[in-house]
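Here is a friendly briefing to read with the model open in your viewer.

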Amino acid sequence: MSLLRTYTKPKVFGLIVVVALVVGALLGILAKQTGQDWLVTTLDTIGSIFTNLLQVTVLPLVFTAIVLGIVSLRGLGGARTAARLGGKTVLWFATTSLIAVLIGIVIGKIVNPGSGVSLQPQPSTVEKLASRDQGSWLDLINNLVPSNLFEAFADGEILQVVLVSLAVGLAAYALGDRAEPFVNFNRAVFDIVQKVLGWIIRLAPLGVLGLIGNAFATYGDQFVRPLLSLIVAVYAGTLLVLFGVYPLLLRFVGKVSPAVFFRKAWTALQFAFVSRSSGATLPLSRQTAVNLGVDPGYASFAVPLGTTTKMDGCAAVYPAVATIFIANLFGISLSFGDYLLIVVVAVFGAIATAGVTGWFTMLTLTLSTLNLPPEVIATGIAVIYGIDPILDMMRTATNVAGQIAIPTWIARTEGLLDDEVLNSPTAAPLLDAPQPARA
């Protein structure tokens with residue numbers, strides 16, 4: 001057995017990632033305590049290169065996956081069937097967002113993060129975050145339509161790319177065979193980018209070493225310790241959704257064993273935790289859904305849609321907990337109406353989380369909806385900003401779990417789940433075998 005084949009076996013690969021996580025943390029602590037600037041720079045460079053490699057793949061993956069996903073619905077029936085599947089998918093997205101945000105509020109009230117904490121972030125961080133585009137309903141609407149198609153891709157405006165891909169996908173669906181050359185081109189691009197991403201995934205241990213190492217080298221524990229209550233609350237809420245809500249729905253709605261689900265989804269969840277990117281995890285998520293027996297046509301539609309709009313970690317649990325933390329930090333009492341607004345934003349504002357800055361947009365959208373003063377919003381987020389990589393790992397893993405689990409139990413209710421495939425052993429996506437996309 002070759003060294004590469006051994007390296008890419010899920011259990012071996014997972015162990016190497018965990019080892020890299022520990023080694024990265026130790027190197028970061030060493031760099032912090034000894035003041036070794038060269039080590040800090042090295043860790044930062046490794047992490048940045050890995051992140052940049054992932055981000056290069058996100059927009060072409062999202063565009064081609066959504067176009068192929070919409071076209072793939074043609075094989076499941078007519079337009080009425082496609083509309084029913086789309087409506088049912090969005091309804092379940094909203095339902096689980098409601099459950100997740102309620103869990104976030106309950107955990108936030110129990111842990112009460114930020115109570116008794118006194119922190120003052122660096123003025124430069126406050127100024128930097130205050131200058132970024134804040135989340136608002138008006139901005140969300142205004143930014144949906146691009147003024148220039150190529151500019152949307154060049155500037156990384158993923159919401160605009162999603163809208164364009166939806167329109168193009170619907171047009172290709174309507175044109176039928178006349179659009180087949182274009183569909184084949186998109187399928188080829190998706191397969192090529194997916195192949196490149198498979199190579200990048202093999203660098204995950206090196207990437208996580210740099211990312212974790214840089215986080216510890218930059219912040220150490222003097223800033224993390226006071227924010228421990230926030231970390232505990234976010235992890236408790238997301239873990240409850242990941243290992244409580246989803247398994248229950250899989251068992252009682254999808255008639256799918258949670259053990260089988262996590263065994264087949266573990267590679268995707270692990271990569272999501274390391275990469276902190278739902279978009280970069282998209283090919284793994286889609287193939288995992290197919291490995292769970294979901295009809296490839298429906299998986300090609302539902303998983304990309306979920307990747308851009310379904311984020312229970314970033315859009316539901318986290319904004320609820322972080323809002324309670326910031327309110328406690330400044331001694332602001334939240335009313336029942338405020339908690340109701342948090343729920344409304346989580347259920348209807350999830351699309352605002354699309355993109356690599358989704359957590360920031362969603363949190364500022366939630367805070368501004370509560371009419372908190374701008375200086376409170378900027379300062380509160382600046383306090384959290386330092387530990388965001390730690391929070392984002394668990395948020396993203398939860399996001400991806402939902403993006404796989406929801407299509408799985410919907411497929412069961414629609415007769416689109418193959419039990420033979422579900423219960424058969426399958427290779428880890430993008431590691432043991434090539435997994436081409438098929439519309």
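Arg84 has a relative accessibility of 42%, so it counts as partly exposed. Please keep in mind that this is a predicted model.

- Arg84 pairs with Glu414 in a salt bridge, and their closest N and O atoms are 2.6 Å apart.
- Arg84 sits in helix 4 (residues 79–111), while Glu414 is in the loop between helix 19 (388–413) and helix 20 (419–422), so this pair ties together parts that are 330 residues apart in sequence.
- Lys88 also meets Glu414 in a salt bridge, with an N to O distance of 3.0 Å.
- This second pair again links distant parts of the chain, as Lys88 belongs to helix 4 and Glu414 to the loop between helix 19 and helix 20, 326 residues apart.
- Lys88 has 24% relative accessibility, so it counts as partly exposed.

**Another charged pair, and the total**

- Asp312 forms a salt bridge with Lys310, where the closest N and O atoms lie 2.5 Å apart.
- Is Asp312 buried or exposed? Its relative accessibility is 1%, so Asp312 counts as buried.
- Lys310 is buried as well, because its relative accessible area is 1% and the cut-off for buried is under 20%.
- Across the whole structure, a search finds six salt bridges.

**Nonpolar packing**

- As general background, nonpolar side chains in soluble globular proteins tend to be buried together.
- Which members of the largest nonpolar core touch the most other members? They are Tyr298, Ile384 and Trp409, in a core of 127 residues.
- Helix 3 gives the most to this core, contributing 15 residues.
- If you click on Ile384, you can look for its contacts with Leu230, Tyr318, Ala322, Phe325, Ile326, Leu363 and Leu391, leaving aside residues up to four places away in sequence.
- There is also a second, separate core of six residues, with Met311, Cys314, Met362 and Leu365 among them.

**Ser48 in helix 3**

- Ser48 is part of helix 3, which covers residues 37–72.
- With a relative accessible area of 31%, Ser48 is partly exposed, because that category runs between the 20% and 50% cut-offs.
- Ser48 and Leu211 are 163 residues apart along the chain, and their C-alpha atoms are separated by 7.6 Å.

Conventions: Residues are numbered from 1 along each chain as its sequence is written. This is a predicted model: local features need pLDDT of at least 70, side-chain atom pairs count only at pLDDT 80 or more; totals for chains, interfaces and linings use all residues. Side-chain values use heavy atoms; hydrogens and water are left out. Helices (H or I, at least four residues) and strands (E, at least two) are DSSP runs, numbered from the N terminus. Buried means under 20% relative accessible area, exposed over 50%, partly exposed in between (1.4 Å probe, protein chains only). A salt bridge is a side-chain nitrogen of Lys or Arg within 4 Å of a carboxyl oxygen of Asp or Glu. A nonpolar core is a set of buried Ala, Val, Leu, Ile, Met, Phe, Trp, Tyr and Cys residues joined through side-chain atoms within 4.5 Å. Contact means heavy atoms within 4.5 Å.
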